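Here's a quick briefing to read with the model open next to you.

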2 protein chains.
Amino acid sequence: MKIITTIKELQSELAIQKKSGKTVGFVPTMGYLHEGHLTLIKHARHENDLVVLSIFVNPIQFGPKEDLSTYPRDFERDRALAECENVDYLFYPSVEEMYPNKITVQAAVQQRTDVLCGKSRPGHFDGVATVITKLFNIVMPTKAYFGKKDAQQVAVIDGVIADFNFPIELVAVDTVRESDGLAKSSRNVNLQPEERKQAPVLFKSLKAAKAAINQGERNPDNIVSAIKEMISKESNGYIDYVEIYSYPELQPVERISGRVIIALAVKFTKVRLIDNLVINLDLEED
Amino acid sequence: MKIITTIKELQSELAIQKKSGKTVGFVPTMGYLHEGHLTLIKHARHENDLVVLSIFVNPIQFGPKEDLSTYPRDFERDRALAECENVDYLFYPSVEEMYPNKITVQAAVQQRTDVLCGKSRPGHFDGVATVITKLFNIVMPTKAYFGKKDAQQVAVIDGVIADFNFPIELVAVDTVRESDGLAKSSRNVNLQPEERKQAPVLFKSLKAAKAAINQGERNPDNIVSAIKEMISKESNGYIDYVEIYSYPELQPVERISGRVIIALAVKFTKVRLIDNLVINLDLEED
């Protein structure tokens, strides 16, 4: 595995490799790798000749009051994990390398952002779309891998690829969970011990919602209320949102039908967790 | 020369060509080709293995009151001219091909747009930056060619390439002029006969400004006043702006020094013309 810190070096390395027709799988991350990331890497490893992993805590996707400074980092551990997964190139640029000057142009997301996390994180998805545009141009991968846990991010990046005509295939991979159902996240380490015990209620409430839908419930308000009630009862977390939309369009629904996402965000003392379930009434669950 | 109308076909054609290591020169245009464009194509032809010319009147860079519907078009003439210049691929997509759905993500220009044409054309450079991002991803050229006449466009695209990390070299080519000094433009055909006779005063006033600077004038206000006076006297055009900035940063200057752009826009009955001169006091004129 080669660790590369400059854009120029990565571009020239990959240019040589691509000349021989090799395919490139790309896993962009903010580091502090967990099993969810490793699953993305395994998929990329299986489906491509080369695997590029990027670790970059992108400052422009954090709001002024968000957790940029406390976002967990452990490069040595990440490096070792990436090596174990047979990553070919670990791209680890500095903030100065990625943003050397005042920003002249950025990607602005016009749709799919006024709901869910986008509503409470203004500018967040512009920051995501901008860094992804940069990383796509630096790596020029064949396929790029993202976790379904960040469902709104997947919807936004789907838009970036389509609208900017990137010749890249987006691969969305199932959420990896702890044995008690908590979605794996780098932020989970910032949960206090008591909160860690409560946090599985997020997924538990989503599963209960799914069960209710399977039993015929079609009213989104009833489902949202039941989820809120369960989370309030079984945790000290503050519910940021519980919402139901069509997916991936993220439009409001009056009645559960077709493909919908039930998504939620809950704030604990030092960390805000998200989770979601996509339910397809036409077919089986995604 | 191959005429291609779909993104998919162009991408797969170019992918095959690039595998053999060929370089690609790209000339993006809105068609109605004039000598300025042909000069860009000649440069591209000289410096690359393949030349891609695109013709696409990009609706999202026109404001609601602008000349999208009257923008001149003549595909058969353009096709013949491109053939004469040995273009390899003429990319001629429909609006539906380029914008099949409601736009989810666009490029938003944060700098260099609140002056000159950007001021009177809100959203114009977002539209330019968006279509260029799309076209760059579709063509993935080695070098891209633009005319210095659209100096602010060159500054914005310089920002797109730098901030989005496109591995593309921007080549800015000198403005081509009629024998009387009028900068070549597709829009010149929309001048009324009397206006066509007056229009050379734009460049004449810029040359007079340059002469004044050469004789020691350093006050931008004096230069702007002299230009406005000359244009008002010798034409019926309405002066949209005459401005002087540092280049390419496009910041105001209190005194002429270093590298500056003198830029102007004048509205005639059916057409608004622009012109500029970049003057480098440290070296010779650019």
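A salt bridge here is a side-chain nitrogen of Lys or Arg within 4 Å of a carboxyl oxygen of Asp or Glu. By that rule, the whole structure holds 38 salt bridges over all chains, yet the count between chain A and chain B is 0.

Some ground rules. This is a predicted model, so local features need pLDDT of at least 70 and side-chain atom pairs count only at pLDDT 80 or more, while totals for chains, interfaces and linings use all residues. Residues are numbered from 1 along each chain as its sequence is written, chains are lettered from A and ligands numbered from 1 in the order in which they are written, and side-chain values use heavy atoms, with hydrogens and water left out.

**The interface**

- The size of an interface is often given as the accessible area lost when the parts come together.
- Chain A and chain B bury about 2,700 Å² between them, 57% of it on carbon and sulfur atoms; buried area is the accessible area (1.4 Å probe) that two parts lose on being put together, summed over both.
- On the chain A side, A:Thr104, A:Val105 and A:Phe164 lose the most area to chain B, together 26% of what that side buries.
- Each chain puts in its share of residues: 28 from chain A and 28 from chain B, with contact meaning heavy atoms within 4.5 Å.
- What holds polar atoms together here? There are 16 residue pairs in polar contact across the interface, both residues at pLDDT 80 or more.
- A polar contact is a pair of N or O atoms within 3.5 Å; within protein, one must be able to donate a hydrogen and the other to accept it, and residues adjacent in sequence count only if both atoms are side-chain atoms.
- The elements of chain A that give two or more residues to this side are α1 (7–19), β5 (105–109), α6 (124–139) and α7 (151–163); helices (H or I, at least four residues) and strands (E, at least two) are DSSP runs, numbered from the N terminus.
- By type, the chain A side divides into 13 nonpolar, 10 polar and 5 charged residues. Ala, Val, Leu, Ile, Met, Phe, Trp, Tyr, Cys and Pro count as nonpolar, Asp, Glu, Lys and Arg as charged, and the others, Gly among them, as polar.

**Strand β5, where the chains pair up**

- β5(A) runs antiparallel to strand β5 (residues 105–109) of chain B, and 5 bridges join them; two strands pair if DSSP finds at least two bridges between them.
- A:Ala107 has B:Ala107 as its bridge partner, and A:Val105 is partnered by B:Val109.
- 5 of the 5 residues of β5(A) are buried, where buried means under 20% relative accessible area, exposed over 50% and partly exposed in between (1.4 Å probe, protein chains only).
- Both faces are covered, with A:Val105, A:Ala107 and A:Val109 on one side and A:Gln106 and A:Ala108 on the other.

**Salt bridges to look at**

- A:Arg45 and A:Asp88 meet at 2.9 Å, N to O. A:Arg45 lies in helix α2 (residues 35–47) and A:Asp88 in the loop between α3 (75–84) and β4 (89–91) of chain A, so the pair ties together parts that are 43 residues apart in sequence.
- Both partners are partly exposed, A:Arg45 at 25% relative accessible area and A:Asp88 at 23%.
- A:Glu243 and A:Lys119 meet at 2.7 Å, N to O. A:Glu243 is in strand β8 (residues 238–246) and A:Lys119 in helix α5 (residues 116–120), 124 residues apart.
- A:Glu243 is buried, at 10%.
- In chain B, B:Lys197 and B:Glu194 meet at 4.0 Å, N to O. They sit 3 residues apart in helix α8 (residues 193–198), about one helical turn.
- B:Lys197 is exposed at 64%, whereas B:Glu194 is partly exposed at 46%.
- A:Glu35, A:Glu178 and A:Lys184 are linked in a network of salt bridges.

**Elsewhere in chain A**

- 7 of the 9 residues of β8(A) are buried, so the strand is largely enclosed by the rest of the structure.
- 8 bridges join β8(A) to the antiparallel strand β9 (residues 259–267), with A:Ile244 opposite A:Ile262.
- A:Thr113, in the loop between β5 and α5, is buried at 17%.
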